[in-house]
Amino acid sequence: MALSDLNFLVGGAQGSGLETTAQVLAPAFASRGYGVLANREYFSNIVGRHSYIHVRVSSSGEPKGLTYPVQLVGAMDAETIFTHWDDIAPGGYLVYDLGASRTRLIQIASMEPDLKKRLQEEFSKLGIQPTVEGVVKYLEEERKVKLVGLSFTAIFNALVQKYGVTRAQAQRFRSSILIGAITGLTGLDEEAVAFGLERRFAARKRVLEINKELVAAIAEEVRQEYGEPLKLEPSRGGPEEYVIATGNDVVAMAKIVGGIRYQAYYPITPASDESVFIEANESLNVDGKNLGNIVVLQTEDEISAISSVIGAALTGARSSTATSGPGFSLMVEALGWAGKNDVPIVITYYQRGGPSTGLPTRGSQSDLLFSLFASHGEFPRIILSSGDHLEAFYDAIEAYNLAERFQMPVIHLLDKFLANMIASMPMPDLEGVKIERGKTLFKAPRGPWKRFPRDEPLAERPVLGSGAWTWYTGDENDEWGHIDEDPVNRLIMYERRWKKMEIADREIPEDFRAHYYGPKDADFLLVGWGSVKIPALDALKELEGEGLKGAYLHVRMLSPLPKRMLQSILSTFDPDRVIVVEHNYIGQLAKLITMETGFMFKKFILKWTGRPIYVHELVEGVKEALSGRDKVVLSYGK
Amino acid sequence: MASRGVTYRTEVWSDWCPGCGDFGIVAAMTKAFQELGLDPANTVVVSGIGCSSKTPHFINMNGVHTIHGRGIAFATGIKLANPRLTVIVNGGDGDMLGIGVAHFVALGRRNIDMTVIIHDNQVYGLTKGQASPTLRRGEKTKSLPAPNIQDAVNPIALAIASGYTFVARGYSLWVDHLKELIKQAIQHKGAAVIDVLQPCVTYNDIYTAEFYKGRLYKLEDDPNWDPVVRDPSEEDEKIARALEKSKEWGNRIPVGVFYVNPLKDTYEDRIAQRNPYYNREAPPAFEEIAGEDGKPIIGPDEFKRLFAGYIVKAKRS
Ligand SMILES: Cc1ncc(C[n+]2csc(CCOP(=O)(O)OP(=O)(O)O)c2C)c(N)n1
Ligand SMILES: [Mg+2]
């Protein structure tokens with residue numbers, strides 16, 4: 001019976017071609033109309049540490065939430081087998097290197113001692129020999145896992161002989177061995193794989209040819225022996241065209257559509273790929289026609305990044321920076337200056353695991369309250385958070401619109417999960433996109449200009465170079481932007497800034513700021529934000545199959561919070577049937593909603609291991625929460 | 001556009017201490033602007049925080065008074081997004097060489113076409129006279145409980161080592177001399193810095209006007225002093241001489257131009273070398289990003305062309 005969903009994982013040492021595996025297979029499956037979501041887990045390390053991609057391919061045509069167990073693990077090395085042996089579904093497949101059979105667990109130097117110790121205990125409990133052979137034998141006998149053993153050495157030798165490549169070069173085709181095996185087992189057609197390979201290796205013809213031949217040969221060999229046991233049913237629907245990209249890429253594309261003209265950044269995971277993407281597109285040329293130019297500046301630190309972004313915004317350029325926690329920590333003083341001076345800037349904030357350096361390459365949602373309260377003093381700000389790639393695309397554009405319309409900083413909160421996940425995103429509807437620049441003036445009468453009229457919270461904003469001249473200061477200011485400490489002026493100016501927030505709260509539709517997914521008469525409610533949306537919606541579908549009818553309340557704008565809408569939805573549920581789901585310890589969204597609406601949350605599903613929330617664990621977590629547990633802590637994933 | 005009839009001073013009252021050296025700097029600036037006919041609409045005076053950083057409020061041009069140490073960083077965004085603007089950054093010695101020194105160095109590396117004026121009074125004026133990075137070791141100005149035990153940074157040497165292509169020192173009480181330096185700095189293409197010795201009448205009882213009197217001398221009075229690099233081959237030698245000169249302090253203190261290298265590409269040039277569409281006449285900030293109807297310039301077609309490598313057609317059987 002053909003599958004409707006395929007879950008697989010490919011692991012290996014960082015630097016051994018995992019990214020290639022994802023970059024080839026994601027477009028390959030998408031080209032046949034399948035929805036794809038691929039996450040990459042990796043250490044803060046360049047070469048040698050264990051890394052893996054975890055992929056879900058869905059015949060629904062939509063990218064669906066990642067889940068375990070997987071039907072297939074492709075292991076580039078022994079560490080992958082030790083690390084992920086338990087992730088394979090009974091009756092699933094393990095593709096591995098026969099040459100690694102003798103490797104013992106204690107030999108894996110790159111494995112963290114904690115994990116090694118846990119595995120030793122587990123293996124001894126189950127009577128598993130702590131070697132690859134022992135684990136593989138156990139899987140075969142006890143879990144009915146089918147073993148697809150290949151001799152990587154023999155394959156490399158054949159490459160050396162056939163193509164005259166060096167041994168070192170041959171090693172680099174490791175990813176194609178796995179791609180070949182996956183192709184064979186899933187019955188993905190040759191044309192689709194070739195398409196994926198061409199995307200990845202287009203510029204290198206010879207490498208492309210070798211890869212194509214190798215993948216085809218391995219696929220054929222595997223198919224001969226095992227058939228196509230993981231064949232997917234034909235795609236059942238979905239868009240005609242996908243954008244296959246990471247969250248970083250998608251946001252970069254959106255910023256370009258949104259008219260970005262200045263981006264400054266200081267390198268940091270998982271944000272900088274976005275800036276690098278924009279820099280690669282600094283000159284927007286189509287058919288030899290120049291459509292725009294973007295300055296991308298790599299600065300000396302994040303303070304400089306945000307400061308220069310503010311400067312650029314004062315000139316009228318749509319300006320932004322991209323960073324994560326440590327970088328944002330450095331930006332907060334300047335953020336306050338922008339907030340005080342009605343400057344439209346956008347900060348794209350990819351959350352990772354804190355505090356401090358924390359888990360620098362893993363995800364989190366632990367900076368919601370920080371982004372809301374960062375910087376001393378009080379000033380209005382807009383905070384948006386996107387639930388998936390497509391939302392991130394629209395929100396990245398909307399962030400500029402909101403910043404300019406309401407003349408305040410906008411923080412676009414994303415996370416490492418979205419940043420690094422490759423998704424098959426439906427082609428965005430660009431016909432529906434509108435650029436709104438508020439009261440920005442590029443031409444203004446010559447002369448000094450009263451930038452901060454007392455009776456106009458959202459005043460005309462002549463940019464530097466418009467003809468008018470203006471003053472700005474971090475001190476409290478008068479209508480001209482000059483320093484003014486008078487208490488009456490203070491009353492007025494302080495209120496003037498907050499009036500903008502009232503206007504924003506009035507003008508931004510609440511049904512944009514939050515969305516209720518599910519039936520009106522749901523008997524429980526999940527509440528979440530950001531990328532929790534992906535597993536939450538899929539978990540609801542599974543729970544529905546088990547007779548549990550739930551809904552998901554997705555909060556997309558954290559400031560101004562759509563409190564009337566939240567209140568009215570939350571008040572229809574028994575608080576025992578409302579569960580907040582977040583990637584943090586203290587339930588930050590719950591605290592925020594309580595603060596703004598008075599609603600008290602009683603049920604929490606939380607995860608702070610830095611790994612995504614998986615559908616299977618969320619399903620179990622919801623059941624536990626509904627049957628009495630107040631706090632469920634999720635921790636699945638390596 | 002030259003600006004006749006512009007009053008370069010605002011009516012904002014300068015709340016500096018009577019006799020403060022900052023008055024001389026503002027006087028020199030406004031005179032220089034007048035003589036250059038700078039257009040207030042296309043000039044931006046940026047500053048950080050400190051007594052000296054209040055400067056923009058007293059000048060009748062665009063003024064951006066930012067946060068402590070970050071004036072150069074703000075100015076960088078202003079200039080790169082709209083290279084048509086003339087950008088001048090004012091700040092104290094603490095602002096530029098203490099908290100903001102990373103940006104000070106970075107500007108030299110980039111050689112962005114802007115002018116930096118350091119109000120060098122050897123103290124943190126606005127916070128009541130603590131030692132600034134230019135106060136020498138062993139010196140005890142009025143507010144210090146004990147003599148300073150940190151060494152001073154040499155602004156001239158640091159500027160040269162960082163890559164500034166116009167490096168000068170002025171004196172706030174020699175207004176006409178300073179005015180000329182400011183004019184040259186503004187007209188120079190590239191990152192220009194003037195370290196302006198500025199007596200702090202309230203907190204600095206060492207580097208007083210009295211102290212400077214008789215010690216200061218002008219570099220240009222030596223007919224053999226030629227700080228300008230006229231050929232790339234001269235660069236090393238001119239840098240060496242300027243660095244040597246920068247060490248002179250004590251009984252004789254040089255003011256004037258230490259080093260000029262008009263041959264080095266500005267950052268704006270470097271961007272334009274990579275992307276010829278980047279230029280002063282059509283600054284990125286002023287580009288159209290949407291049509292009349294609000295639709296983005298990058299519409300569905302353009303999107304598909306620009307990002308073809310990411311788009312996959314789904315063939316379903
Ligand atoms: C981040 C930060 N730290 C400290 C201060 C307090 N502060 C205000 S002005 C100043 C020093 C000013 O000295 P300098 O830059 O030399 O300028 P001057 O007042 O001497 O002209 C300091 C430390 C501040 N405003 N911001
Ligand atoms: Mg000072």
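Biologist: In which helix of chain A is the place of A:Lys500?

Modeller: This is a predicted model, in which local features need pLDDT of at least 70, side-chain atom pairs count only at pLDDT 80 or more, and totals for chains, interfaces and linings use all residues. Residues are numbered from 1 along each chain as its sequence is written, chains are lettered from A and ligands numbered from 1 in the order in which they are written, and side-chain values use heavy atoms, with hydrogens and water left out. Helices (H or I, at least four residues) and strands (E, at least two) are DSSP runs, numbered from the N terminus. A:Lys500 belongs to helix 17 (residues 487-507) of chain A.

Biologist: Is A:Lys500 buried or exposed?

Modeller: Buried means under 20% relative accessible area, exposed over 50%, and partly exposed in between (1.4 Å probe, protein chains only). A:Lys500 counts as buried because its relative accessibility is 0%. Contact means heavy atoms within 4.5 Å; neighbours within four places in sequence set aside, the contacts of A:Lys500 include A:Asp342, A:Phe406 and A:Met408.

Biologist: What is the phi of A:Asp342?

Modeller: Phi is positive there, about 55°, although A:Asp342 is not a glycine. A:Asp342 lies in the loop between helix 13 (325-340) and strand 13 of chain A, and is buried, with a relative accessible area of 0%. In chain B, B:Asn111 has a positive phi near 55° and is likewise a residue other than glycine. B:Asn111 sits in the loop between helix 4 (101-110) and strand 4 (114-120) of chain B, and counts as buried at 0% relative accessibility.

Biologist: Which residues does the cis peptide bond with omega about -5° join?

Modeller: That bond joins A:Gly354 and A:Pro355. A:Pro355 is in the loop between strand 13 (346-353) and strand 14 (359-363) of chain A. The peptide bond from A:Thr269 to A:Pro270 is also cis, with omega near -5°.

Biologist: How many salt bridges are counted between chain A and chain B?

Modeller: A salt bridge is a side-chain nitrogen of Lys or Arg within 4 Å of a carboxyl oxygen of Asp or Glu. The count between the two chains is 10. One salt bridge pairs A:Arg446 with B:Asp39, with the closest N and O atoms 3.0 Å apart. On the side of chain A that touches chain B, helix 12 (residues 302-314) gives the largest share, eight residues. The contact takes 90 residues from chain A and 74 residues from chain B.
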